[in-house]
Amino acid sequence: MILDVDQSEVKGKQLIISPVLGPIPPERLSGGVKALICMYKSDAYIDLIVCGPNCEKWILEIAQNKDVIVGMSGYDLTFENMDIEAICLNDQSNITNYIDWILKMNEYVGD
């Protein structure tokens with residue numbers, strides 16, 4: 001996940017090699033990777049505002065293995081050409097494709 005999203009290589013518990021920043025500690029990883037790790041490791045509510053399109057496949061992969069509750073405010077996310085199954089907790093409607101996702105996000109996050 002870290003290699004795919006941040007193009008960074010984990011060398012040890014406190015050492016990650018970033019192609020942009022050089023050697024960094026884990027707390028310097030991107031917000032997207034941190035959100036994915038929290039989503040994977042806990043049952044916490046995660047706001048997708050920090051996730052970019054490079055996180056989409058990981059969000060779906062994590063959601064295949066466990067229920068996740070996320071905030072839809074990640075405007076960069078579309079899940080285009082991906083199979084998704086989600087329930088909008090605001091109105092209990094089903095989201096089954098990227099058009100549903102975008103319309104629902106605009107309904108509740110817009111303005």
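Buried means under 20% relative accessible area, exposed over 50%, and partly exposed in between (1.4 Å probe, protein chains only). This is a predicted model, in which local features need pLDDT of at least 70 and side-chain atom pairs count only at pLDDT 80 or more, while totals for chains, interfaces and linings use all residues. Residues are numbered from 1 along each chain as its sequence is written, and side-chain values use heavy atoms, with hydrogens and water left out.

**Exercise 1.** Work out whether Gln92 is buried or exposed, and describe its backbone.

Step 1: look at the backbone of Gln92, where phi is positive, about 65 degrees, although the residue is not a glycine.

**Exercise 2.** Find what surrounds the side chain of Ser18.

Step 1: Ser18 belongs to strand β2 (residues 15-18).
Step 2: Ser18 has a relative accessible area of 9% and is therefore buried.
Step 3: a polar atom of the Ser18 side chain lies 3.2 Å from the backbone nitrogen of Val20, and one lies 3.0 Å from the backbone nitrogen of Leu21.
Step 4: setting aside neighbours within four places in sequence, Ser18 is in contact (heavy atoms within 4.5 Å) with Ser8 and Ile24.

Technical notes
Helix = DSSP H or I, 4+ residues; strand = E, 2+ residues; numbered from the N terminus. Polar contact = N/O pair within 3.5 Å; in protein donor to acceptor, adjacent residues only side chain to side chain.
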